[in-house]
Amino acid sequence: MEIQLHGKKIRYSEDFKEGFDTAIIHNDVLSVLNTLPNESVALIVTSPPYNIGKPYESPLEFQDYLRWQTAVLQECVRILKPNGSICWEVGNYVSDGEVFPLDVYFYTIMKGLHLKMRNRIVWHFRHGLHASKRFSGRYETILWFTKGDRYVFNLDAVRVPQKYPGKLGYKGDSKGRPTGNPRGMNPSDKWEIVLRDWENELWDIPNVKSNHPEKTIHPCQFPIELIERLVLALTNEGDVIFDPFVGVGSSLVAGLEQNRKSVGVDKEKNYTDIAFARVTEAINGKLKRREFGKPVHQPKGNEKILRVPEEWKTAKLSKWVQ
Ligand SMILES: C[S@@+](CC[C@H](N)C(=O)[O-])C[C@H]1O[C@@H](n2cnc3c(N)ncnc32)[C@H](O)[C@@H]1O
């Protein structure tokens, strides 16, 4: 099928085939992976189910879950190009209050598949569930592995503004001259990309979720920007990116917006339908989304939401009240 929007022709497919720009496949991940050609994909990027009882999961024994994920990763390695990358975004599996950090388990699985780790990126976000019996979790990790030692890494495409552009050298040849790279600095392996665009909205609108620009019905949706940085750094224009657990298509949008071909699989039809709608909106320039590289909101100090409520003061409930 060809979607024609604003003069741009996008070849859409429901299968992985030659000549497509984007393919959204509604099926089980392994059934699809088994049919894909060897060494055909430049970047595999996903957030798999964590086996924590989300509506789209049938919980497995933890060891069975790890075996299933190993089978998925084995096939991913087969379809990955020799200079390609795999990025697995994970949090914790929790059972009876005990935390099992999934990246620890996935590291062992990836090493067993002869992949080489390039970064363990910490994705820090400021909001989430408030734990009462342990510290609240405010980060997840992206494990970036490559198949070989020669791999794509376009650092210039993802540089961020220098923190101290006016810093001058104080000795040698660089004395008195700016020391930073004018093209910007390496974004490092700690990323602060808002989980939901509530950094801005929070201050004014209490009902955060319904006002979030990218929010759909999916309970665990990626911010597009998170994937966009990986797409820009780890692939070149025209490359194929693949998300084996694509949900509502955030990585497809990230790929298409950066002129890559993108393929995604999900077993839930209501998610792949939304993915198709979002891809169409993105091509049409109509998708509501957080702007790439937009700084995270920093409160100025006079916002209403920063004030200690009167009832806390009266009852001396807060130890920070004078
Ligand atoms: C963590 S979510 C991914 C969300 C996605 N990153 C997004 O931004 O929408 C995991 C997804 O895996 C899908 N899934 C779970 N088991 C699957 C299977 N066996 N085959 C294909 N998809 C599966 C779920 O339906 C869910 O949408």
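Which hand does the crossing of H2 and H3 have, right-handed or left-handed?

Reply: The crossing of H2 and H3 is right-handed; a crossing is right-handed if the near helix is turned clockwise from the far one by less than a right angle, and left-handed if anticlockwise. Please keep in mind that this is a predicted model, where local features need pLDDT of at least 70, side-chain atom pairs count only at pLDDT 80 or more, and totals for chains, interfaces and linings use all residues. Residues are numbered from 1 along each chain as its sequence is written, and side-chain values use heavy atoms, with hydrogens and water left out.

H2 covers residues 62–79 and H3 residues 102–112; helices here are DSSP runs (H or I, at least four residues), numbered from the N terminus. Axes are lines fitted to C-alpha atoms over the stretch in contact, with angles from 0 to 180 degrees between N-to-C directions. H2 and H3 are therefore oblique to each other (under 35 degrees counts as roughly parallel, over 145 as roughly antiparallel, 65 to 115 as roughly perpendicular, and the rest as oblique).

As for the residues that meet, H2 brings Phe62, Tyr65, Leu66, Gln69, Thr70 and Leu73, while H3 brings Leu102, Tyr105, Phe106, Ile109 and Met110; contact means heavy atoms within 4.5 Å. By class, nine of these residues are nonpolar, two are polar and none is charged.

For another pair, look at H6 and H7, which pack at about 50° with axes 8 Å apart. H6 and H7 are therefore oblique as well, and H6 passes H7 in a right-handed crossing.

Methods
Helix = DSSP H or I, 4+ residues; strand = E, 2+ residues; numbered from the N terminus. Nonpolar A, V, L, I, M, F, W, Y, C, P; charged D, E, K, R; others polar.
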